[in-house]
Amino acid sequence: MRDFVAIDFETANGARTSICSVGAVRVQKGEIVDTFYSLVRPTPAFFHPMNIAVHGIMPHDVKSAPTFDQVWTEGLQAFIGELPLVAHNKAFDESCLKKTLEFYALPPHIQGFYCTLLQSKRVLRDKLPNHRLPTVAAFCGYDLTQHHDALADAEACAYIALQLFQSTNP
């Protein structure tokens, strides 16, 4: 796979619609060509302390941020275009995207969604102590120093996808 968008969401609480940041990395012809990042005013609009502890985003950080429907229609949808999406643990990111698009009554326009977590388990099997994003990124030669920053995680995912999907079909 040489053309895709790697995507990552951070959430404010346990609700999949509570996206508070999104990072995306466009890959074309096997090269990273563009990035997208936005803070998002989540729905529901409360932050669980555990989520804050994970990503460090606070309620005041998103007070004047756009809602997801604005982020989607004013840039993210066009950024993705017709490309398939890739995420590390797509079960989480895909559900965030689908639930949030559904919440805002926006049509899901997704051209496939692939998972670097599942691919690392297939390809790397027993070569790693775990298949968490930082572990797989390090194995693939990428130094993920800002884990749980949506853009940094999306970039790590893109790098992993370029390594792990190069010889196989997703």
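Is Glu-82 buried or exposed? Here are my notes, starting with that residue.

1. Glu-82 is exposed, with a relative accessible area of 55%; exposed means over 50% relative accessible area, buried under 20% and partly exposed in between, with a 1.4 Å probe and protein chains only. Glu-82 sits in the loop that links helix H2 (68–80) to strand E4 (85–87). Leaving out residues up to four places away in sequence, Glu-82 touches His-109 and Gln-111, where a contact is heavy atoms within 4.5 Å. From Glu-82 to Asp-8 there are 74 residues in sequence and 18 Å in space, C-alpha to C-alpha.

2. A word on the basis: this is a predicted model, in which local features need pLDDT of at least 70 and side-chain atom pairs count only at pLDDT 80 or more, while totals for chains, interfaces and linings use all residues. Residues are numbered from 1 along each chain as its sequence is written, and side-chain values use heavy atoms, with hydrogens and water left out.

3. The protein chain holds six helices and five strands, in the order β-β-β-α-α-β-α-β-α-α-α along the sequence. These are DSSP runs numbered from the N terminus: helices are H or I with at least four residues, strands E with at least two.

4. On overall form, the radius of gyration of the protein chain is 15 Å, which agrees with the value near 15 Å for a compact globule of 170 residues. That radius is taken over C-alpha atoms, and the globule rule is 2.2 Å times the number of residues to the power 0.38. The C-alpha trace spans about 40 × 35 × 25 Å along its principal axes.

5. Of the 170 residues in the protein chain, 48% are buried. Taking contacts between residues at least 6 apart in sequence, 65% join residues at least 24 apart.

6. Helix H6 (residues 150–164) deserves a look. H6 is mostly covered, with 11 of its 15 residues buried, among them Asp-153, Cys-157, Ile-160 and Leu-164. The cover over the buried residues of H6 includes strands E1 (4–11), E2 (19–28), E3 (31–39) and E4, together with helices H4 (116–123) and H5 (133–139).
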